[in-house]
Amino acid sequence: MNPKVFHGPVLAVATIALVGCTYFQRNSQDFDSHHQRAAMSLAGLESLAPDEPVLLTEESGLSDYLAYAALNNPGLEAAFNRWKAALEQIPQVKAMPDPRFTYRYYIQEVETRVGPQKQGLGLSQTFPWFGKLDLQGDAATRAAEAQRYAFEAEKLKLFFRVKEAYYEYYYLYRNIQITEENIELLKSFAGVLETRYEASRTTHPELIRIQVELGKLEDRRDTLLEFRGPIVSRLNASLNRDPNAQLPWPGSFEIETITLDERQLLDWMRHHNPDIQILEAEFTQTQTEIEIAQKGYYPDVTVGFDWIDTGNATGANKPSDSGQDAMMASVSLNLPIWYDSLDAGVREAEYRSLAAKAATAQRRNDLAADLKMSLYQFRDAQRKISLFRDTLIPKAIESVKVTEVAFRGGQASFMDMLDAQRVLLEFQLSYERALADHQKKLAQMEMLVGKQIGLDPTLPVEPEEAVEPLAATD
């Protein structure tokens, strides 16, 4: 082997490696930029994380529950890791094929004029057709973008589940409180009737009737107390806590009063709902995949270099170039001639694109219908809140007070007093039900439009004016 000639293979190897590294370096820079932008988009989630771990205490509000869920929910973590995994696909699909190194050893040396050929080395690099790797990178980027929106969708759905369970938990708490207040009121009535019965001023059936009503309310309260376990377990599931872990009763909250514009909500939904954004990203991906399939009609180019180790020639008349190593450069192309397969690949990509476009339109329609229903239920709950708070409950309280005075004076029967109390109980519970439904539908609309709806908290949620228990005296 001629040492001077060895510089040729080294130069060829370096040239192929330099071209490949330059090509890949540009793609890597594109990926790093995309990865950095994706990481910055996490600011919305990271803003929920305080400097210290979130603890759920008696003073914890809904924001604390949301922060706890965002930091601990395994479903949200799984969605985030799927997004990260999709990002790692980008540099893989944009990388060139690995160079191929070949070593040949001649079991039987090939005699040539300049000497026997003993062994050979070869190096080749395949270069995909122009633009193919960039298109593959674009498709992977759109797939990663879809996973990013899937993460956002999972976060919105998680927050809705937490809010829904939290407001149901609040309603249960107020239901128990109101029921216990009515139990105490009936107990005071029962004391009055017992006093009257002992003085023969009332009948035994009336005394039995109030005892039956009292038993029904106590059974209702016990049922509600037993229901606390399932409600807490439902909330704990979203928080990634033990199903039997205890949670304090929720405190009071403020409801928001606002006039929502349906067209504005629908516009927000079209531009911010992550389910729609997922499908739009997938549609864009299928458009790129059509271009990738069309690139299959063009060949890939393989550049190679071979070096053969040649020994010295034997015999008396050695040529002047005896022992000179052989070097060869080569260029090869694959031949995409199976057009049936290539055509089928293009048609497949086109059908996938049509399917993605239709799925996007259908999802928009479904979400619009869901949003209109949620808006109707939100407005209905808002109307009921005003009706019960401003009209029905004050009148029911007035009715109980008037009936109580008449009952004391013997001008009203116990059944009149009981009916007035039943109406007040029904109105109080309906008011609390409307409060919880109002907040749940607001949370559902926020999930559907993909953003928080800025509202004006003006209506404090405080227990309505309580009816003083009737003194157990005649």
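## Exercises on a predicted model

Met415 is found in helix α10, which covers residues 414–449. The model is a predicted one, and the exercises below walk through parts of it, each with a solution.

**Exercise 1. Is Met415 buried, partly exposed or exposed, and how far from Glu206 is Met415, in sequence and in space?**

Step 1. Start from the place of the residue: Met415 belongs to helix α10.

Step 2. Look up the relative accessible area, which is 25% for Met415. Buried means under 20% and exposed means over 50%, with partly exposed in between, so Met415 is partly exposed.

Step 3. Compare the two separations. Along the sequence, Met415 and Glu206 are 209 residues apart, while their C-alpha atoms are 8.1 Å apart in space.

**Exercise 2. Find the angle and the axis distance for α8 and α9, then for α7 and α9, and classify both pairs.**

Step 1. Recall what is needed: two packed helices are described by the angle between their axes and the distance between the axes.

Step 2. Take α8 (residues 274–295) with α9: the helices pack at about 165°, and their axes are 8 Å apart. Angles over 145 degrees count as roughly antiparallel, and α8 and α9 are therefore roughly antiparallel to each other. Their crossing is left-handed.

Step 3. Now take α7 (residues 262–272) with α9: these axes come within 10 Å and cross at roughly 140°. That makes α7 oblique to α9. The crossing of α7 and α9 is right-handed.

**Exercise 3. How many salt bridges does a search of the whole structure find? Work through three of them, and then a network.**

Step 1. The search of the whole structure gives 23 salt bridges.

Step 2. In helix α5 (residues 132–198), look at Glu152 and Lys155. Their side chains meet in a salt bridge at 3.4 Å, N to O. The two residues are separated by about one helical turn, because they are three residues apart in α5.

Step 3. Go on to Arg161, whose side chain meets that of Glu154 in a salt bridge of 3.7 Å, N to O. Arg161 has 32% relative accessibility, so Arg161 counts as partly exposed.

Step 4. Turn to Arg383 and Asp380, which form a salt bridge of 2.6 Å, N to O. Here too the spacing is about one helical turn, because Arg383 and Asp380 are three residues apart in helix α9. With 47% relative accessible area, Arg383 is partly exposed, whereas Asp380, at 19%, counts as buried.

**Exercise 4. Which residues form a nonpolar patch on the surface with about 730 Å² of accessible area together, and where does Leu335 lie?**

Step 1. List the members of the patch: Val331, Leu333, Leu335, Ile337, Trp338 and Tyr339.

Step 2. Place Leu335 in the fold. Leu335 sits in the loop between strand β5 (326–333) and helix α9 (339–408).

Step 3. Check the accessibility of Leu335. The value is 65%, so Leu335 counts as exposed.

**Exercise 5. Describe two residues, Asn240 and Pro248, of the loop between α6 and β3.**

Step 1. Inspect the backbone of Asn240. Its phi is near 60°, a positive value in a residue other than glycine.

Step 2. Assign the accessibility classes. Asn240 is partly exposed, with a relative accessible area of 44%. Pro248 counts as buried, at 13% relative accessibility.

Step 3. Pro248 and Glu58 are 190 residues apart in sequence, yet 5.6 Å apart in space, C-alpha to C-alpha.

Technical notes:
Residues are numbered from 1 along each chain as its sequence is written. This is a predicted model: local features need pLDDT of at least 70, side-chain atom pairs count only at pLDDT 80 or more; totals for chains, interfaces and linings use all residues. Side-chain values use heavy atoms; hydrogens and water are left out. Patches are made of residues with over 30% relative accessible area and no salt bridge: like charges are joined within 9 Å, nonpolar side chains (Val, Leu, Ile, Met, Phe, Trp, Tyr) within 5 Å. Accessible areas come from the Shrake-Rupley method with a 1.4 Å probe; for residues, only the protein chains shown count as cover. A salt bridge is a side-chain nitrogen of Lys or Arg within 4 Å of a carboxyl oxygen of Asp or Glu. Helices (H or I, at least four residues) and strands (E, at least two) are DSSP runs, numbered from the N terminus. Buried means under 20% relative accessible area, exposed over 50%, partly exposed in between (1.4 Å probe, protein chains only). Axes are lines fitted to C-alpha atoms, for helices over the stretch in contact, and angles run from 0 to 180 degrees between N-to-C directions. Angles under 35 degrees count as roughly parallel, over 145 as roughly antiparallel, 65 to 115 as roughly perpendicular and the rest as oblique. A crossing is left-handed if the near helix is turned anticlockwise from the far one by less than a right angle, and right-handed if clockwise.
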